[in-house]
Amino acid sequence: MLSKYPYKAKIHFLDDQNSELTEFYFQRGANIFVFSYELDGQRKHTFIDTGYVDHRDTILPILRKHHIDLTQIQNIII
């Protein structure tokens, strides 16, 4: 089971088409955001707001499902 909490993901492509903002909306609040971009030929990410404690076991699998390489998270903004 990926998540016991329903969520929706919405991707916004920015003008250059190499950068995007992915929004993850949870039914019970605690939305998270990931800004993805190209840097030195690699896909990097900035994780914005790390979510609510109730979602602690579901956030990393959700990021993986959406092809966000956890090793390439360069910044975390809380």
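Reader: What does Q42 touch, not counting residues up to four places away in sequence?
Author: Q42 touches Y37 and Q72. Contact here means heavy atoms within 4.5 Å. This is a predicted model, where local features need pLDDT of at least 70 and side-chain atom pairs count only at pLDDT 80 or more, while totals for chains, interfaces and linings use all residues. Residues are numbered from 1 along each chain as its sequence is written, and side-chain values use heavy atoms, with hydrogens and water left out.

Reader: Where is Q42 found?
Author: In strand β4. Strands (E, at least two residues) and helices (H or I, at least four) are DSSP runs, numbered from the N terminus.

Reader: And why is Q42 called partly exposed?
Author: Because its relative accessible area is 40%. Buried means under 20%, exposed means over 50%, and partly exposed is in between (1.4 Å probe, protein chains only).

Reader: How far is Q42 from K8?
Author: Their C-alpha atoms are separated by 26 Å. Along the chain, the two are 34 residues apart.

Reader: What does H45 touch?
Author: Leaving out residues up to four places away in sequence, H45 touches V34, F35, S36, Y37, I68, D69, Q72, I73, Q74 and N75.

Reader: Next, the sheet. In what order do the strands come?
Author: The order is β1-β2-β3-β4-β5, in an open sheet of 5 strands with mixed pairing. Two strands pair if DSSP finds at least two bridges between them. The edge strands, β1 (7-13) and β5 (73-77), each pair on one side only. From one strand to the next, the twist averages 20°. Here axes are lines fitted to C-alpha atoms, for helices over the stretch in contact, and angles run from 0 to 180 degrees between N-to-C directions.

Reader: How many bridges join β2 to β3?
Author: There are 5, and these strands run antiparallel. F24 stands opposite I32 in β3, and E23 stands opposite F33.

Reader: What about β3 to β4: how many bridges?
Author: 7 bridges, again with antiparallel strands. F35 has T46 in β4 as its bridge partner. Y37 stands opposite K44.

Reader: Which residue takes a positive phi in the hairpin of β3 and β4?
Author: D40, with phi near 55°. That hairpin has 2 residues between the strands.

Reader: Do β4 and β5 run parallel or antiparallel?
Author: Parallel, joined by 4 bridges. F47 stands opposite I76 in β5. With α1, the two strands make a right-handed β-α-β unit. Right-handed means that, with the strands pointing away from the viewer, the path from the first strand over the helix to the second runs clockwise.

Reader: New topic. Which residues make up the largest nonpolar core?
Author: Y7, F24, F26, I32, V34, F47, I59, I62, L63 and I68, 10 residues in all. A nonpolar core is a set of buried Ala, Val, Leu, Ile, Met, Phe, Trp, Tyr and Cys residues joined through side-chain atoms within 4.5 Å. β2 (20-26), β3 (32-39) and α1 (59-65) give two or more residues each. The largest share, 3 residues, comes from α1.

Reader: What is F47 in contact with?
Author: Setting aside neighbours within four places in sequence, F47 is in contact with I32, F33, V34, I59, L63, I73, N75, I76 and I77.

Reader: Last one. How many aromatic pairs does the structure hold?
Author: 3 aromatic pairs. Rings of Phe, Tyr and Trp (its six-membered ring) pair if their centres lie within 6.5 Å; planes under 30 degrees apart count as stacked, over 60 as edge-to-face and the rest as tilted. Y7 and F24 form a tilted pair, 6.4 Å centre to centre with 45° between the planes. Y7 is in strand β1 and F24 in strand β2, 17 residues apart, so the pair links distant parts of the chain. Both are buried. Y7, F24 and F26 form one aromatic cluster.
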